[in-house]
Amino acid sequence: MEEGVNSERDEYTLVARKPGFGLPTACPSCLPVYIYLKFAQLPFLLDFNCTYPDSDQIPYIESGDYVAYNNENGGVIESLKKDGIVDLDSEFCSLPEWISTKAMVSSWLEDALMYELWVDGTSAEKIYYNDLPWLIGKVLFLKQVHSVKQCLGITKDNDEQKEEEIYKRANIVYGALSTRLGEQNFFFENRPSSVDAIFLAHALLTLKALPETSVLRTKLLEHGNLVKYAEKLELELIEAGSSSSSVPSFQTDPPTSSSRRGPPNWSSKPRSKPKRQKTEEDKTFRRRAKYFLATQLVAVLLFFSFISRSDEEMEIDEDEGYVYDD
């Protein structure tokens, strides 16, 4: 399989969410995959999918008959490693310090960024729902905020405590990473791994997508070597390519058929549809398009109807309790 896939390296396409904030993709799930591919020097095209803002299959990478989805086998990066396409972690995966570092970056920093994007700000709305009609986008955003709060265990009673805990953990990770990095170019053995890809994506989104009043952004800025690390790699991986005359700069809107094509690893033009038979999963994935807005709107209306009904029942129960006491 590896030999067959590697023979089509120049035909890989990474399907991600749209660009934003000066980044090739503003999606927290997509940007680490983009950076990982750049570190691995694997040529690929970049395509954008704005049809499914809540799909957990995005990002995904495809080449011929090969497709690796975000919601399968631990994600796109893990799939690329397991399938023998590209593995930057082969020499690190048995090191306890590398394992613990990756776990902290993938959990504590991910939670902190998710909190600031969804709960304590509106950047996520621009990333995921800006292409939808305003009302539907706003309602879906509020629905997702509720889901994120549930995921982080945030309630009205513990919101301040959870916020303090989230920032405390993030600060611990920043401190550990700053010490680990020192003056090196990368975190382990001075060469890139998935830890670098995940953290670099986190750092760029924190510095570029979050407002200046962001607590998380302020805490990151306290670690100068981490900021320099992010700025240096951004210049090498993103800005250097976008400033080249042979490479198109990334557009805010999804690419069109008239987009100019540059080198395979920097082009934002979607390649022609692969000449392969669609799997049943592909067909199901695309079939959802015509029903997406309608089903999401119905789900949102039912959700808010349920919440409103629960509040009313609670108030009635409390009123009856007071009458009983009298």
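In this predicted model, Leu 31, Pro 32, Ile 35, Tyr 36 and Phe 39 of helix H2 are in contact with Ser 194, Asp 196, Ala 197, Ile 198, Leu 200, Ala 201, Leu 204 and Leu 205 of helix H8. Sorted by class, the contact of H2 with H8 comprises eleven nonpolar residues, one polar residue and one charged residue.

The axes of H4 and H8 come within 10 Å and cross at roughly 25 degrees. Because angles under 35 degrees count as roughly parallel, H4 and H8 are roughly parallel to each other. H4 passes H8 in a left-handed crossing. On the side of H4, the contact is formed by Trp 98, Thr 101, Lys 102, Val 105, Ser 106, Leu 109 and Leu 113, and on the side of H8 by Ser 194, Val 195, Ile 198, Phe 199, His 202, Leu 205 and Thr 206. This set of residues divides into eight nonpolar, five polar and one charged. Ser 194, Ile 198 and Leu 205 of H8 take part in the contact with H4, and these three residues of H8 also meet H2.

Helix H4, which spans residues 96-119, packs in turn with helix H7, residues 159-181, at an angle of about 140 degrees and with the axes 9 Å apart. That angle makes H4 oblique to H7. As with H8, the crossing is left-handed where H4 passes H7. From H4, the residues in this contact are Glu 97, Thr 101, Met 104, Val 105, Trp 108, Leu 109, Asp 111, Ala 112, Tyr 115 and Glu 116. Their partners in H7 are Glu 163, Ile 166, Tyr 167, Arg 169, Ala 170, Ile 172, Val 173, Tyr 174, Ala 176, Leu 177 and Arg 180. The contact of H4 with H7 has 14 nonpolar, one polar and six charged residues. Thr 101, Val 105 and Leu 109 of H4 belong to the contact with H7 and also to the contact with H8.

One joins the side chains of Glu 78 and Lys 102, with an N to O distance of 3.2 Å. This pair connects distant parts of the chain, since Glu 78 sits in helix H3 (residues 76-82) and Lys 102 in helix H4, 24 residues apart. Lys 102 is also among the H4 residues that contact H8.

Two details of the backbone deserve attention. Most residues other than glycine have a negative phi, and most peptide bonds are trans. Phe 21, although not a glycine, has a positive phi of about 60 degrees; Phe 21 is located in the loop between strand E1 (13-16) and helix H2 (31-40). The peptide bond from Ile 58 to Pro 59 is cis, with omega near 10 degrees, and Pro 59 lies in the loop between strand E2 (45-48) and strand E3 (60-63).

The mean pLDDT of the protein chain is 80, and 70% of its residues reach 70 or more. Among the elements of the chain, helix H8 (residues 194-208) has the highest mean pLDDT, 98, whereas helix H1 (residues 2-6) has the lowest, 46. Over residues 1-9 the pLDDT is below 50, and this stretch has 15 contacts in the model beyond near neighbours in sequence. Residues 243-276 likewise stay under 50, and the model has 74 contacts for them beyond four places in sequence.

Definitions and conventions. Residues are numbered from 1 along each chain as its sequence is written. Side-chain values use heavy atoms; hydrogens and water are left out. Axes are lines fitted to C-alpha atoms, for helices over the stretch in contact, and angles run from 0 to 180 degrees between N-to-C directions. Helices (H or I, at least four residues) and strands (E, at least two) are DSSP runs, numbered from the N terminus. Angles under 35 degrees count as roughly parallel, over 145 as roughly antiparallel, 65 to 115 as roughly perpendicular and the rest as oblique. A crossing is left-handed if the near helix is turned anticlockwise from the far one by less than a right angle, and right-handed if clockwise. Contact means heavy atoms within 4.5 Å. Ala, Val, Leu, Ile, Met, Phe, Trp, Tyr, Cys and Pro count as nonpolar, Asp, Glu, Lys and Arg as charged, and the others, Gly among them, as polar. pLDDT is the predictor's confidence in each residue, from 0 to 100. A salt bridge is a side-chain nitrogen of Lys or Arg within 4 Å of a carboxyl oxygen of Asp or Glu.
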